[in-house]
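Reader: I would like to go through this structure with you, beginning with the ligand and then moving to individual residues. Could you take me through it?

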Amino acid sequence: MLQWRELYEECSKCHKCILGENRTNMVFGDGNPKAKIMFIGEAPGADEDRLGLPFVGRGGQLLTKALTALDLQRNRDYYICNVCKCRPENNRTPREEEAEACLPYLRNQVALVKPKMIVCLGATAMTYVMGKDFKITRDRGKWIERKGYHIMAIFHPAAIFRDESKKVLFWEDLKIVKQKYLSL
Ligand code: URA
């Protein structure tokens, strides 16, 4: 297992998959590296690739706003990163080999943060963190416990823009996250 600096450097120079060829910036992660909550998304979008920070685009801003309303702040209460550290062109879903190439970095981040709770944002993060048997529409909002981590998935914030009806469930799930946060 690498420590933060070495891990960051390793990711910065990574060319294990094609995404490394096309990035502007590698998007490592952000927030409190000692936080109780770790949010995991899919992969950077255009804004994230440009700025080198996760969840700063439209979806990210929605998430940040919702979490702020629950008094959860990025620099204090959570760490946030993605399964893939580099942007897939046109924001396509990362291919399995791309996600698999990047997963050791994510596992290393989880091992360093040692969060009490892991919240997967959307189906892709859910698949790679929880497993292929989980379905976002069926299993979101439900905690599982694995290796001492409380893990749950919620809708990806970008999904709310595509389907407004998901907004209520997204919000309900975030309140479940906050409840657990207060209980641990
Ligand atoms: N979507 C993600 O899954 N991650 C980001 O960092 C931005 C958008």
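Predicted model: local features only at pLDDT ≥ 70, side-chain atom pairs only at ≥ 80, totals over all residues.

Reader: Which residues are around the ligand?

Author: The residues around the ligand are Gly41, Glu42, Ala43, Glu48, Pro54, Phe55, Asn82 and His156.

Reader: And how does that shell divide by class?

Author: The shell around the ligand has 3 nonpolar, 3 polar and 2 charged residues.

Reader: What is the distance from Glu42 to the ligand, backbone to oxygen?

Author: A backbone N or O atom of Glu42 is 2.8 Å from an oxygen atom of the ligand. For Ala43, a polar backbone atom lies 3.0 Å from a nitrogen atom of the ligand.

Reader: Which side chain has an N or O atom 2.9 Å from an oxygen atom of the ligand?

Author: That is the side chain of His156, with an N or O atom 2.9 Å from a ligand oxygen. As for cover, the ligand taken alone exposes 240 Å², and the protein buries 88% of that.

Reader: Back to Phe55, then. Where does Phe55 lie?

Author: Phe55 belongs to the loop between helix 3 (46–51) and helix 4 (58–69). The phi angle of Phe55 is near 50 degrees, a positive value in a residue other than glycine.

Reader: Is Phe55 buried or exposed?

Author: Phe55 has a relative accessible area of 7%, so it counts as buried.

Reader: What about Asn91: what is its phi?

Author: Phi of Asn91 is near 60 degrees, again a positive value in a residue other than glycine. Asn91 is placed in the loop between strand 3 (78–82) and helix 6.

Reader: Why is Asn91 called partly exposed?

Author: Because its relative accessible area is 46%, and the partly exposed class runs between the 20% limit for buried and the 50% limit for exposed.

Reader: Where is Pro94?

Author: Pro94 lies in the loop between strand 3 and helix 6. Pro94 is buried, with a relative accessible area of 7%.

Reader: How far is Pro94 from Ala43 in space?

Author: Their C-alpha atoms are 7.3 Å apart, while Pro94 and Ala43 are 51 residues apart in sequence. Ala43 is also one of the residues around the ligand.

Reader: Let us change topic to helix 6. Is Val110 buried or exposed?

Author: Val110 lies in helix 6 and counts as buried, at 11% relative accessibility. The C-alpha atoms of Val110 and Gly45 are separated by 22 Å, and these two residues are 65 residues apart along the chain.

Reader: And where is Lys114?

Author: Lys114 is in the loop between helix 6 (96–113) and strand 4 (117–121).

Reader: Why does Lys114 count as exposed?

Author: Lys114 is exposed because its relative accessible area is 61%, and the exposed class begins over 50%.

Reader: What does the side chain of Asp139 make a polar contact with?

Author: The contact is with the side chain of Arg138, at 2.9 Å.

Key
Residues numbered from 1 in each chain as written. Heavy atoms only, no water. Near = heavy atom within 4 Å. Polar contact = N/O pair within 3.5 Å; in protein donor to acceptor, adjacent residues only side chain to side chain. Areas by Shrake-Rupley, 256 points an atom, 1.4 Å probe, with all protein chains shown as cover. Nonpolar A, V, L, I, M, F, W, Y, C, P; charged D, E, K, R; others polar. Helix = DSSP H or I, 4+ residues; strand = E, 2+ residues; numbered from the N terminus. Buried < 20%, exposed > 50% of the residue type's maximum accessible area, 1.4 Å probe, protein only.
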